[in-house]
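I opened a new model today and wanted notes on its packing.

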Amino acid sequence: MPNRLQHETSPYLLQHANNPVDWYPWGEEAFAAARERQVPILLSVGYATCYWCHVMERETFENEEIANQINESFVAIKVDREERPDIDEIYMVATQIMTGRGGWPMNCFLEPDELRPFWCGTYFPEKPRDGMPGFGQVLGGMKNAWDGKRSDVLAQAEQVAEAVREQLGQNRVPVPVADPQIQQAIEQLMRMFDRTHGGFGGAPKFPQPVYMSFLLAAREHVDEGPSRDGIDQAIRFTLDRIAIGGMHDQVGGGFHRYSVDATWTVPHFEKMLYDNAQLALVYARAAKVYDDDYYRRVVRTTLDYVLREMTNPDAPGATGFFSAQDAEVDHKEGLNYLWTLDEFNALLGDEAAWAAEVYGVAQGPNFTDPHHPDEPARSVLRLKDRPDKVAASQRTETEVFLARIDAINAKLLAARSQRKQPITDDKVLAAWNGLMIDALVKGGVLLGEPRYIEAASAAVQFIRSTMHDDEGTLLRAYREGKAHTPAFLEDYGAVLCAMMAVVQALPDDAAEANALIAAATTLADRAHADFADASGVFYDTREDQQDLFVRARAAYDGAMPSGSALMLNGLINLQTSVRSPDLAETAGGLLMGVSADISNSPVSAVHSIEALLRMIAAEDAGLRAQVDRAGAVQVAEPVNPTKSPVQIFASEEAVAVSPESPGVIHVEIRIEPGYHIMAADPGPGGEDLIPLRAGLVSGQGVAVFADYPEGEVYGINDELRIHSGIVSFAIALEHAPGIGVGPGEPVLGITYQVCTDTECLKPSTVSLDVPITIKDN
């Protein structure tokens with residue numbers, strides 16, 4: 001019997017609709033059931049083209065015995081992370097805090113009342129394997145803990161929730177941002193640049209288009225000479241290596257998710273719309289900057305792939321672009337994209353030997369399915385070098401070489417199209433479509449191809465006409481005639497960028513351009529009303545969302561740029577057309593809202609720094625004035641700047657942390673008479689003040705948990721909680737590889753805000769002189 005997921009539109013949820021697990025979609029019905037039964041919630045998050053999600057679905061969630069365990073002791077909820085990035089973000093941070101790593105499927109156990117996680121993990125097999133417990137064991141352990149140690153479970157849930165709130169929900173005090181942060185981002189990326197294989201970092205290698213997008217903007221900010229030459233080398237070498245590698249689909253166009261090796265040869269084979277949009281946009285910008293025909297070719301084949309395979313040509317009227325294509329066919333990774341020499345010989349005839357040499361097939365197979373070792377080895381197609389260089393090595397013209405490759409690719413693609421195809425996740429997501437629309441416009445202008453601009457314009461019209469509710473609220477997702485889920489900040493930002501991209505491709509006096517500008521202005525106003533607070537800081541979600549235990553605001557750019565960065569760039573684009581003082585001030589407020597994130601880790605917020613660069617170079621005086629405002633942020637200075645009224649002492653001289661043994665530091669804070677600091681929970685009157693916090697100020701490798709004291713009652717109406725005199729508490733450090741605020745050894749700090757009865761001073765962060773040694777065993 002199908003479960004409740006049968007009524008959903010998400011392809012991922014529908015993949016689980018016939019499981020024996022009694023799955024619920026995320027929502028009040030599931031919460032009420034868990035609260036009535038007083039059982040934990042099993043939250044399982046994934047997406048339709050996720051390989052290990054498929055594996056766990058087949059192995060574990062189809063297992064009747066495991067399904068009975070789940071149904072008897074838990075309320076099970078399935079979430080498509082692409083439809084609900086807000087849920088995914090919150091519980092992924094919890095998973096990383098608890099395990100030191102993340103990934104999908106993500107499985108978290110939540111207490112039912114406030115939906116706080118008390119235990120998280122990722123993939124689990126049906127039975128114990130390779131050091132992992134079987135999922136039945138995990139379920140038994142969670143049931144026993146809930147039934148026998150519930151108070152401990154709830155205490156742990158609050159500890160984890162508080163750590164998530166600290167990472168995602170903290171409203172940081174603005175700091176000055178200007179040229180120093182831009183230079184830091186450039187210098188850090190140049191240190192990260194892989195001069196052997198291109199890209200930034202080692203295997204697995206992700207394309208990280210936000211890095212290259214920033215560098216393309218930053219090259220104009222530095223003087224001509226060695227600095228610009230170094231940036232150009234990093235951009236061009238990286239784009240060349242990606243384009244000739246197997247991560248780039250040489251036959252059908254477009255890009256796979258990432259490369260599992262350092263040489264960009266063997267990809268993880270799923271294709272994501274947001275990757276292809278951002279990479280097409282970067283190649284289009286690079287083609288213009290460097291006047292490079294190979295990059296133009298990459299743009300054309302990528303956009304053609306999207307129009308051919310990621311939209312519905314038979315749909316009546318305008319339509320949007322699909323989300324993703326799966327990595328596997330018949331449970332075998334990459335099967336649709338792989339070739340053998342025998343297949344080349346059978347299909348290509350006299351051209352087989354030449355094609356096999358050009359595409360590396362003649363050198364022997366380069367791919368063995370790690371999950372099916374009995375499968376014969378096959379080849380991922382790749383080039384040895386750029387087409388112009390390969391052509392030169394063969395003493396032929398580039399145009400002749402490419403014409404020959406095109407004829408071969410046409411045969412290979414036709415044959416490949418007859419194979420069983422990977423599943424396409426055909427839902428339409430507003431944010432991802434916004435990125436693709438932008439890429440289509442830029443590609444159409446670059447290549448002089450009106451059809452790309454027409455497709456972009458039609459997709460904007462589809463979003464405007466179909467992906468809004470009756471009250472005009474933008475909706476996140478659409479599939480099979482149904483749009484749903486109020487959109488998030490990233491959706492508003494990406495769609496705003498898309499609308500303004502289409503405007504820029506239209507004549508200034510076109511009625512369509514004026515209508516789009518008006519619609520974009522309304523969209524920006526709606527985003528400000530729904531996502532910004534009184535100080536101008538934008539959050540990723542609306543204030544009225546009741547199903548989340550933290551309202552997140554993240555400036556981190558991952559596979560997708562952050563919602564704040566997308567919105568900031570969208571506001572800049574709109575301001576170039578409307579020149580509104582209010583709009584410029586909104587952009588300035590958003591910039592100041594992410595200023596602390598930019599200052600703390602410029603590379604992590606690199607798309608916001610690119611927006612800062614654009615504001616510096618803007619023709620609009622209003623935007624430039626906001627840069628001056630952000631660079632001249634002033635905060636209250638201490639009454640006695642030569643002496644701090646707070647001293648902090650640690651009882652330990654050094655601490656070691658290992659997977660089996662956390663470290664503990666005991667801290668004592670001494671506050672002079674006449675002063676106080678805010679407690680960790682400053683109460684309802686302390687919303688605009690900075691609470692006491694312990695956390696990493698640099699480095700990574702540990703998760704920080706503090707047992708904060710409650711604080712004293714303070715204020716006319718007892719609305720605040722403060723500390724005065726001497727405050728002592730313990731800080732626990734748990735082994736958490738990859739968790740932190742940047743590269744390097746972890747450095748622990750204490751953040752606090754000092755006040756008197758009449759004023760509050762600027763917040764301070766003091767680094768503790770306690771070396772932290774991380775031991776891996």
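The entries below follow that order.

**Entry 1: cores.** I noted at the outset that this is a predicted model. I looked up the largest nonpolar core and found 147 residues in it. Phe214, Tyr283 and Phe344 touch the most other members. I then checked which element contributes most to this core: helix α11, residues 273-290, with twelve residues.

I followed up on Tyr283. Leaving out residues up to four places away in sequence, Tyr283 touches Leu239, Ile242, Ala243, Phe255, Tyr295, Val298 and Val299. There is also a second, separate core of 39 residues. Ile41, Val164, Ala552 and Ala554 are among its members.

**Entry 2: rings.** I searched the whole structure for aromatic pairs and got 28. Which residues do ring pairs link into a cluster? I listed Trp23, Phe61, Phe74, Phe109, Phe118, Trp119, Phe124, Phe135 and Trp146.

I also looked for charges over ring faces. Arg81 sits over the face of Trp104, 3.9 Å from the ring centre. Tyr295, one of the contacts of Tyr283, has Arg386 over its face, at 5.6 Å from the ring centre.

**Entry 3: a sheet.** I picked an open sheet of three strands, ordered β19-β24-β26, with antiparallel pairing. On average, neighbouring strands here are turned by 40° against each other, direction ignored.

How many bridges join β19 and β24? I counted five, in the antiparallel sense, with β24 spanning residues 747-752. Across this pairing, Arg693 stands opposite Thr751 in β24.

Conventions:
Residues are numbered from 1 along each chain as its sequence is written. This is a predicted model: local features need pLDDT of at least 70, side-chain atom pairs count only at pLDDT 80 or more; totals for chains, interfaces and linings use all residues. Side-chain values use heavy atoms; hydrogens and water are left out. A nonpolar core is a set of buried Ala, Val, Leu, Ile, Met, Phe, Trp, Tyr and Cys residues joined through side-chain atoms within 4.5 Å. Buried means under 20% relative accessible area, exposed over 50%, partly exposed in between (1.4 Å probe, protein chains only). Helices (H or I, at least four residues) and strands (E, at least two) are DSSP runs, numbered from the N terminus. Contact means heavy atoms within 4.5 Å. Rings of Phe, Tyr and Trp (its six-membered ring) pair if their centres lie within 6.5 Å; planes under 30 degrees apart count as stacked, over 60 as edge-to-face and the rest as tilted. A charge sits over a ring if NZ of Lys or CZ of Arg is within 6 Å of the ring centre and within 35 degrees of the ring normal. Two strands pair if DSSP finds at least two bridges between them. Axes are lines fitted to C-alpha atoms, for helices over the stretch in contact, and angles run from 0 to 180 degrees between N-to-C directions.
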